[in-house]
Amino acid sequence: MMASLLHFSTASTSSLPSFLRSSFFSKEPRFPLRQGVRCNLVEPLKFDNGKPCIPLLSPSEQSFPSFLASTAHLDNSITNRHDTRLRIFSGTANPALSQEIACYMGLELGKIKIKRFADGEIYVQLQESVRGCDVFLVQPTCPPANENLMELLIMIDACRRASAKNITAVIPYFGYARADRKTQGRESIAAKLVANLITEAGANRVLACDLHSGQSMGYFDIPVDHVYGQPVILDYLASKTICSDDLVVVSPDVGGVARARSFAKKLSDAPLAIVDKRRHGHNVAEVMNLIGDVKGKVAVMVDDMIDTAGTITKGAALLHQEGAREVYACSTHAVFSPPAIERLSSGLFQEVIITNTIPVLEQNYFPQLTILSVANLLGETVWRVHDDCSGAFEPYSSLGID
């Protein structure tokens with residue numbers, strides 16, 4: 001009897017309603033199978049001398065991929081980046097860079113309230129919902145390092161308690177990065193401590209630019225995307241009328257040889273020179289000698305940061321003594337602790353090229369200073385992290401995203 005209840009013959013299906021016959025016995029699948037979609041990049045990333053560049057399409061140039069053709073008549077907001085669940089918030093350390101990143105991405109900065117009480121304590125409140133959102137917090141830990149670091153930690157905590165899905169700390173300049181190892185007994189490794197603080201505060205990912213040493217990435221127990229400011233500076237140097245045969249890339253110390261060699265390879269495979277220095281104390285450097293030939297050449301000194309400018313100015317003086325025709329200083333992070341401005345504007349440099357990972361006060365400008373923007377570099381990286389895309393293939397291989 002049970003078998004008779006479970007048995008259906010094709011003849012008996014004629015008594016079923018038509019919608020049941022078409023649903024249960026049709027040879028076609030009830031739901032269409034999704035086809036794989038492959039995205040083709042048609043335009044390489046443009047740096048435009050470090051300035052954000054937002055391509056604008058006319059209505060005639062706008063088109064939809066074939067797999068979206070059937071939905072093209074729907075609300076355009078479906079394909080608009082403004083309607084993603086991506087949120088960007090800025091701390092008080094570098095709001096100008098945060099605004100440029102948002103401008104490049106076609107987004108608006110999230111509304112956030114940050115204030116300090118009379119006793120110096122920091123108060124942070126998000127002014128909009130981030131529940132289920134992919135949140136990016138832009139805050140370099142530049143001077144005052146302790147204030148900006150604590151502000152970043154409280155921002156992360158606020159987003160975590162507001163039920164954000166993912167929290168990425170975008171740190172254009174990572175303070176305490178130089179304290180990455182013990183050089184003497186009974187020293188702290190502050191870089192590891194700061195990494196632990198950021199992780200424990202609730203960050204799911206860190207996006208950093210030009211860390212002082214690559215080993216700092218290993219201090220984090222969360223994924224770290226490390227991008228380099230080299231493409232922005234290289235693009236600017238390429239726009240200058242300097243003969244490639246006259247170029248020589250100079251590392252201001254032995255520790256920066258790998259960085260200078262990578263820079264020289266991308267700069268028409270220019271020759272390399274090294275300044276040997278002996279440091280007798282913190283922020284005190286003494287130049288000893290030069291390894292390499294710079295006579296009659298245009299020397300490009302490359303470093304990750306300029307703090308008091310003692311190392312790079314003494315190196316530039318040595319290059320002039322060895323016969324260098326011109327000296328350019330290139331650095332990603334302009335910490336510019338006193339007396340850096342006086343040293344850099346003393347006439348040793350033809351040009352001092354930096355980026356805006358750290359804001360430079362207007363009163364610290366001098367004629368030889370050139371500031372390039374990394375907003376489009378960081379903005380493109382944020383998009384690719386948000387979209388779970390890799391940067392390991394052209395034209396995004398220079399982003400350094402794994």
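1. By the rule used here, in which a disulfide is a pair of cysteine sulfur atoms within 2.5 Å, the count comes to zero disulfides. Before reading on, please note that this is a predicted model, in which local features need pLDDT of at least 70 and side-chain atom pairs count only at pLDDT 80 or more, while totals for chains, interfaces and linings use all residues. Residues are numbered from 1 along each chain as its sequence is written, and side-chain values use heavy atoms, with hydrogens and water left out.

2. With a relative accessibility of 2%, C142 counts as buried, whereas C243, with a relative accessible area of 41%, is partly exposed.

3. The helices and strands named below are DSSP runs numbered from the N terminus, with helices (H or I) of at least four residues and strands (E) of at least two. Five strands make up an open sheet in the order 1-4-5-6-7, with parallel pairing, where two strands pair if DSSP finds at least two bridges between them. At the edges stand strand 1 and strand 7 (224–227), each of which pairs on one side only. The twist from one strand to the next averages 20°, an angle taken, like the others here, between N-to-C directions on a scale from 0 to 180 degrees, with axes being lines fitted to C-alpha atoms, for helices over the stretch in contact.

4. Within this sheet, strand 6 (residues 205–209) pairs with strand 7 in the parallel sense over four bridges, and V206 stands opposite V224 in strand 7. Helix 4 packs on the sheet and touches strand 1, strand 4 and strand 5, contact meaning heavy atoms within 4.5 Å. The direction of helix 4 makes about 165° with that of strand 5.

5. An antiparallel pairing is found between strand 2 (residues 112–116) and strand 3 (residues 122–126), over five bridges, and K115 stands opposite Y123 in strand 3. These two strands form a hairpin with five residues between them, and G120 in the turn has a positive phi of about 95°. As background, strands of a sheet pair through backbone hydrogen bonds, either parallel or antiparallel.

6. Helix 3 (residues 95–105) has as its buried residues L97, S98, I101, A102, Y104 and M105. Seen down the helix axis, these buried residues fall within an arc of 160°, so they line one face of helix 3; the arc is that of the directions from the helix axis to the C-beta atoms. What covers them includes strand 1 (86–90), strand 4 and helix 10. Just after helix 3, G106 takes a positive phi of about 75°.

7. The largest nonpolar core has 39 residues, of which M105 and F263 touch the most other members; such a core is a set of buried Ala, Val, Leu, Ile, Met, Phe, Trp, Tyr and Cys residues joined through side-chain atoms within 4.5 Å. Helix 10 (residues 375–386) gives the most to this core, with six residues. Apart from it lies another core, of 35 residues, among them L137, V206, A208 and L211.

8. Two peptide bonds deserve a check by eye. A cis bond joins P143 and P144, with omega about -5°, and P144 lies in the loop between strand 4 (134–138) and helix 4 (145–161). The bond from P338 to P339 is also cis, with omega near 5°, and P339 lies in the loop between strand 12 (326–334) and helix 9 (340–344).

9. Positive phi values also occur in residues other than glycine. R186, in the loop between strand 5 (166–171) and helix 5 (190–201), has a phi near 65°, and at 83% relative accessibility R186 counts as exposed. A309, in the loop between strand 11 (298–306) and helix 8 (310–321), has a phi near 70°, and at 4% relative accessibility A309 counts as buried.

10. Finally, D304 is found in strand 11 and, at 2% relative accessibility, counts as buried. Leaving aside residues up to four places away in sequence, D304 touches H212, R259, S331, T332 and H333.

How values were computed:
Buried < 20%, exposed > 50% of the residue type's maximum accessible area, 1.4 Å probe, protein only.
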